[in-house]
Each structure stands twice: as C-alpha cells, then as structure tokens.
Amino acid sequence: MASEKVETVVAGNYIEMEREEGDESSSKSKISNFFWHGGSVYDAWFSCASNQVAQVLLTLPYSFSQLGMLSGIIFQLLYGLMGSWTAYLISLLYVEYRTRKEREKVDFRNHVIQWFEVLDGLLGKHWRNIGLFFNCTFLLFGSVIQLIACASNIYYINDSLDKRTWTYIFGACCATTVFIPSFHNYRIWSFLGLIMTSYTAWYLTIASFLNGQVEGVKHTGPAKLVLYFTGATNILYTFGGHAVTVEIMHAMWKPQKFKMIYLIATLYVLTLTLPSASAVYWAFGDLLLDHSNALSLLPRTAFRDIAVILMLIHQFITFGFACTPLYIVWEKFIGVHETKSIMKRSVARLPVVIPIWFLAIIFPFFGPINSTVGSLLVTFTVYIIPAMAHMITFASFSARENAVERPPSFLGGWAGMYSMNVFVVVWVFVVGFGLGGWASMMNFIQQVNTFGLFAKCYQCPHKSKA
C-alpha cells in the first residue's frame, strides 16, 4: 500500500508539472518554445550526451599513448559502465528525496533541486556539506578546463595571439552564459553540441586514417606507471560528467523517466571516443605524449578548422553546463534564486566567473589538469559519494521496503545493488583516487616545473614563443 501511495504522489506531481509547462508554452511563440523550452526525455538525452564528452575528446588519444591501445579501450568501457551506474544511483536518490518532500507538500516549481540538497534531505547536513564541497569544486575546475581548452583550440587556427591572451578573450565570451536561466533552456544548445562533438570525433578518425602512420611511429605505452594511471584517470574524468545529473533531471517534465538515459547516452558517446582515440593513437603513437591536444598533430585543412570552430562553440556550451549549477548555488547563497527577474539573477551570477577566469590563467595545462581533477574530485563527486549515499539511505529494512524505486530483479535485488556499490567505492578509491591521484599529481607537478604557473603559451611551438 505504501508503495502504491508513493507512486500516486510522484505521478500526480509530475503530470501536473507537465500540464503547467504546456499551458505556459502555449502562450508563447512556437519558435521560442522549440529553441528555448526543453523538458522531454530527448532533451535530457541530448544534454547528457553533449555534456559527457567535450574537450576531453581531444585528450583521449593522449591518454591512449600513456595506457596503450588495449588498456585504453578497456578503461573506456569500464568507466563508461561505472559512470552510468552512479548516474542511475543519483537518479534514484533524487526521486526518493523529491517524493518524500512532495508528500510533505513542498513545492519545487520555483526552486531548482541540487545534489547537495538531495544529500541533506536524505542523510543530513554533514553529507550536504561534503557533497556541496566536492560538487562545487569539481564544477569550478570543470569550467576552468573548458576555458583552457578554448584557448588551446583557437591557437591552432590563429596563432597571432598567445594562449593566455585567448583565455582572457574567451573568459569574457563564456561569461555570457549567466543569461541562460537553467538546464531547461539548453534545448537547442544540447542538440547542436552533440552534432559538433560527433563531427569532431569522426574528423579525428577519418583524418588519422587518411594521414596514415607517421614515419617511424612507435607505440610503447604503457611505459611508466605514472603515465599509465594518469591516462586511466583522464578516462575516469571523461565518464564522470554526471555532476549535473540532478539539475538535468529537475529540468525534465517527468524526471522518473531519467533512469536509463545516461547509459544510452554513454553508449552513443563510446561510438565517438573509441574510434577517434584509437585511430589517432594508431597514426601518431608516442608523439601524443608531448601533444595532449590531438588537433595539434593533424595537418591544417578546412576540415580541421571546422572541427576547431565547432569545438570552440561546444566548449562555450559545456562551460555553461558546468557553471549553471554553480550559478544556482550562488543565487541561493545570496538570496536571489527565486526572483522572477532573469536580468537580476544574471547580474548576480557574474562574480562566479571571476575565479574560473583566474584559475584558467594560472593552470593552463590542457590535458594533465583533466587527470588531476579526475583523481582528486571526480572520484568522490560522482562515483564514491553517490554509491555510499545510496547504501546508507537504504541501509534499514524499512527504507528498502518503502523505497520509491526498487532494484530490478536482473541485478540481484538489494544484495546485487549493494555488491555493485561496494565494488565502485573500493575500485575508485584505490585505483582512481589512490594510484590515479599519485600519478596525476606527479605529472601535474612536472608540468608546473617545466612550464611554470601563468604559462603564456603552454605546449606552443618554439617559433610562437617570443
């Protein structure tokens, strides 16, 4: 009976929200509705697939040179599945939290639910604080990485300015994302973003095969443990893009339909990442160890310039994806989140961009910074914390009996689910955080020692340095 009651509460609220969204959009132009208002399953899939792989697409061949071909493929498949699993856990916890609150007559129509609030509602303030710290820090550096990638990419079609100057310029451009209210308004951007990454991935694949293997190509990876675990952690970072899962779910008209969306998005992303990374590594081998951006090794053509431009636009979109949850946290902190004035909220968001801009100038290490963020932040944010939170939330018999979503039978029930969670926590803590943290920090320190902080033009050809 309890379970039936819960289902009624959930379905009733979501159907009501969908009807209200329809009434609202009917009063606006169809063009505005098409481009601006997205809350369907398809919108969520485009958001997940578009956000999951951005600039990291260009660094995966670099990771393959550190790991070797076989390990690179295995780690992509492993972390793709693990990332899908923890995204599924986050979706279950969101539905559990939202259902409990709506049974208490809490209205979320003017409030965006975020991950730290889910943890607070289910597990208390200590979990909230831990989740808030890791999630915000990860998204902060995720935004930094997109800004660094913009400067790295544009340099390959216009080297009249150094990468640091390009970082200043794109920092100002990316600041315009403050005007996008929420993930509900990313419909057209998510769709276009996925087309852009798809083009770039297949450009890398085809161009590498057409270019052929360079003379004397060598494939020595894996050669060093430091490089091996650095590469593995970059792949962990690649499939850890679900720090924005809760915000994407909340933008849906029927969030309970999210459960399998991330897995399907991951399967599509693998059709982009596996061929492109394998092809570039096959063509250039160990040369990639000193070229973290795969575009730097391919000859300049109109097709490469198109890929660069499309990735620049996509990085702008992904910057917005990573920053929007930070904007919303900041709005809540200063008390403007529930205001109806988009302009007031947009102006209030601007201070969030300043530290991102500054950090991108300090640490312009495109490639190595991915692994560092992956090992120290992604490990906890989107792998360990969701798995542990799920186990603790449903630790009691009554919690499992009254769960809104029960484990499917093919997983082996609660025992199978807990087994998966324990495996994720132990593996990611030992391999991702432990070994990956050691390796990525060693590599990061080496970059600092070689190029220095505030590097004017990281990994630029010598002729461009002056």
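Residues are termed buried below, that is under, 20% relative accessible area, exposed over 50%, and partly exposed in between, with a 1.4 Å probe and protein chains only. The structure described here is a predicted model, in which local features need pLDDT of at least 70 and side-chain atom pairs count only at pLDDT 80 or more, whereas totals for chains, interfaces and linings use all residues. Residues are numbered from 1 along each chain as its sequence is written, and side-chain values use heavy atoms, with hydrogens and water left out.

The chain contains 18 helices and zero strands, these elements being DSSP runs numbered from the N terminus (helices: H or I, at least four residues; strands: E, at least two). Of its 466 residues, 59% are buried. Contacts are defined by heavy atoms within 4.5 Å; among contacts with a separation of 6 or more, 86% join residues 24 or more positions apart.

Confidence is expressed as pLDDT, the predictor's confidence in each residue on a scale from 0 to 100. The chain average is 84, and 88% of the residues score at least 70. Among the elements of the chain, the lowest mean pLDDT, 42, is that of helix H1 (residues 2–26), and the highest, 95, is that of helix H12 (residues 261–284). Residues 1–25 have pLDDT below 50, and this stretch makes 27 contacts in the model beyond near neighbours in sequence.

The interior was examined in terms of nonpolar cores, each a set of buried Ala, Val, Leu, Ile, Met, Phe, Trp, Tyr and Cys residues joined through side-chain atoms within 4.5 Å. The largest such core has 135 residues, and those with the most contacts inside it are Tyr-79, Val-118, Leu-204, Phe-258, Ile-356, Val-373 and Tyr-383. Helix H7 (residues 125–154) supplies the largest share of this core, 14 residues. Val-118 is in contact with Leu-93, Tyr-94, Tyr-97, Ile-113 and Val-246, neighbours within four places in sequence being left aside.

Thr-86, in helix H5 (residues 69–103), counts as buried because its relative accessibility is 0%. Beyond residues up to four places away in sequence, Thr-86 touches His-242, Val-382, Tyr-383, Pro-386 and Val-424. Thr-200 is placed in helix H9 (residues 187–211) and is likewise buried, with a relative accessible area of 0%. With neighbours within four places in sequence set aside, the contacts of Thr-200 are Leu-57, Leu-58, Ala-307 and Met-311.

Salt bridges were assigned where a side-chain nitrogen of Lys or Arg lies within 4 Å of a carboxyl oxygen of Asp or Glu; the count by this rule is 10. Arg-98 and Glu-102 form one, with their closest N and O atoms 3.0 Å apart. Both residues of this pair, Arg-98 and Glu-102, lie in helix H5, four residues apart, or about one turn of the helix. Arg-98 is buried at 1% relative accessibility, and Glu-102 is buried at 8%. A salt bridge also joins Glu-331 to Arg-345 at 3.2 Å, N to O. This pair links distant parts of the chain, with Glu-331 in helix H13 (residues 302–334) and Arg-345 in helix H14 (residues 342–349), 14 residues apart. Glu-331 and Arg-345 are both buried, and together with Arg-349 they are linked in a network of salt bridges. In the pairing of Asp-120 with Arg-128, the closest N and O atoms are 4.0 Å apart. Asp-120 is partly exposed, with a relative accessible area of 30%, and Arg-128 is partly exposed at 27%.

On the surface, Val-422, Val-426, Phe-429, Val-430 and Leu-435 form a nonpolar patch with about 400 Å² of accessible area together. Patches comprise residues with over 30% relative accessible area and no salt bridge, like charges being joined within 9 Å and nonpolar side chains (Val, Leu, Ile, Met, Phe, Trp, Tyr) within 5 Å. Val-430 is located in helix H18 (residues 413–451) and counts as partly exposed at 44% relative accessibility. Trp-438, also in helix H18, is partly exposed at 40% relative accessibility. Apart from neighbours within four places in sequence, Trp-438 contacts Leu-225, Val-226 and Phe-433. The C-alpha atoms of Trp-438 and Thr-372 are 9.2 Å apart in space, while the two residues are 66 residues apart in sequence.

Definitions and conventions:
Accessible areas come from the Shrake-Rupley method with a 1.4 Å probe; for residues, only the protein chains shown count as cover.
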